[in-house]
Amino acid sequence: MTDSATDTELAAHLAEVAGRLLVTVRESGVLSLKALGKAGDATANAFLCHALRERRAGDGLLSEEEKDNPERLEHSRVWIVDPVDGTREYGEARADWAVHVGLAVDGVPTLGAVALPGADEGRGIVLRSDAPRVVPPAPERLRMVVSRTRPAKEAVAVAEALGAELVPMGSAGAKAMAVILGEADIYLHTGGQFEWDSCAPAAVALAHGLHASRADGSPLVYNQRDTYMPDLLICRREHAGPVLAALAKISG
């Protein structure tokens with residue numbers, strides 16, 4: 001990685017390397033499931049934060065695994081990272097976990113990369129905002145990704161209203177990337193997330209021509225003092241209207 005690397009090249013490289021580090025930690029075979037999650041989070045976070053502070057010293061930084069520093073609020077450019085999105089899935093050696101490296105500029109999710117180290121039969125893939133893929137067409141019956149352990153009641157209700165099939169999946173990043181990869185069509189989340197859960201996935205989704213917003217259709221705004229961002233909608237643009245209308249009817 002050269003000093004002249006673009007922001008997205010840096011994000012993709014860091015997400016990929018962090019993913020490889022996480023797999024190495026897991027394959028060491030010396031940690032229990034609980035300790036593995038903590039060790040993986042700490043290892044990936046240390047790498048990502050040290051690298052970003054060295055390569056982008058003038059930018060702000062927000063990570064799930066670090067104590068928040070309000071100094072980031074003074075920056076226009078803020079890196080927002082989730083070292084392990086889907087700790088349970090990571091520990092269980094599933095494919096639906098991710099590493100998020102995103103950059104918000106003036107609050108807008110501008111660019112980023114999402115690594116899926118367990119995808120492609122364990123070979124791993126990185127989806128990035130500077131290299132959009134062709135999003136496969138939707139099938140006749142839409143598919144909505146939901147939590148595999150606690151599906152949000154609003155998402156289930158919207159799926160029923162649209163006649164969509166529910167697809168249980170792990171991490172937020174994996175769910176968002178499933179829309180790009182053609183494994184799902186709608187990702188609607190309600191009930192609690194933070195900025196690091198969605199910044200990089202939203203940036204990558206937007207770069208692929210998808211819709212990304214809050215559950216009421218309002219824009220996603222990052223680098224806020226309160227990092228709580230409880231809801232998210234990522235889908236093809238033509239599906240946004242029907243999803244938002246169904247959600248409004250259910251909520252109303």
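The structure is a predicted model. An open sheet of five strands carries mixed pairing, and both helix 2 and helix 5 pack on this sheet. Helix 2 also packs with helix 1, and helix 4 packs with helix 7. His 239 lies in helix 7.

- Strand 1 (60-63) and strand 5 (125-128) are the edge strands, each pairing on one side only.
- From one strand to the next, the twist averages 15°.
- Strand 1 and strand 2 (residues 77-85) run parallel and are joined by four bridges.
- Ser 63 has Val 81 in strand 2 as its bridge partner.

**Helices on the sheet**

- Helix 2 touches strand 1, strand 2 and strand 3 (98-105).
- The direction of helix 2 makes about 160° with that of strand 2.
- Helix 5 (residues 172-180) touches strand 2, strand 3, strand 4 (108-116) and strand 5.
- The direction of helix 5 makes about 95° with that of strand 4.

**Burial of helix 5**

- Helix 5 is mostly covered, with nine of its nine residues buried.
- The buried residues of helix 5 include Ala 172, Gly 173, Ala 174, Met 177, Val 179 and Ile 180.
- Lys 175 is also among the buried residues of helix 5.
- Gly 182, with a positive phi near 80°, follows helix 5.

**Helix 1 with helix 2**

- Helix 1 (residues 7-27) packs with helix 2 (residues 33-55) at an angle of about 155°, and their axes are 9 Å apart.
- Angles over 145 degrees count as roughly antiparallel, and helix 1 and helix 2 are therefore roughly antiparallel to each other.
- Their crossing is right-handed.
- On the helix 1 side, the residues that meet helix 2 are Leu 10, Leu 14, Val 17, Ala 18, Leu 21, Leu 22, Val 25 and Arg 26.
- On the helix 2 side, the residues in this contact include Leu 36, Ala 39, Gly 40, Asp 41, Thr 43, Phe 47, Leu 48 and Arg 55.
- By class, the contact of helix 1 with helix 2 has 14 nonpolar, two polar and three charged residues.

**Helix 4 with helix 7**

- Helix 4 (residues 153-162) and helix 7 pack at an angle of about 115°, their axes lying 9 Å apart.
- The crossing of helix 4 and helix 7 is right-handed.
- Helix 4 contributes Glu 154, Ala 157, Val 158, Ala 161 and Leu 162 to the contact.
- Helix 7 contributes Pro 242, Val 243, Ala 246, Leu 247 and Ile 250.
- The residues of the contact of helix 4 with helix 7 comprise nine nonpolar, no polar and one charged.

**His 239**

- His 239 lies in helix 7 (residues 237-251).
- Buried means under 20% relative accessible area, so His 239, at 11% relative accessibility, counts as buried.
- Leaving aside neighbours within four places in sequence, His 239 is in contact with Ala 138, Leu 142, Asp 185 and Ile 186.
- His 239 and Leu 210 are 29 residues apart along the chain, and their C-alpha atoms are separated by 9.7 Å.

Terms used
Residues numbered from 1 in each chain as written. Predicted model: local features only at pLDDT ≥ 70, side-chain atom pairs only at ≥ 80, totals over all residues. Heavy atoms only, no water. Axes fitted to C-alpha atoms, helices over the stretch in contact; angles between N-to-C directions. Helix = DSSP H or I, 4+ residues; strand = E, 2+ residues; numbered from the N terminus. Parallel < 35°, antiparallel > 145°, perpendicular 65-115°, else oblique. Left-handed = near helix turned anticlockwise from the far one by under 90°. Contact = heavy atoms within 4.5 Å. Nonpolar A, V, L, I, M, F, W, Y, C, P; charged D, E, K, R; others polar. Buried < 20%, exposed > 50% of the residue type's maximum accessible area, 1.4 Å probe, protein only. Pairing = 2+ DSSP bridges.
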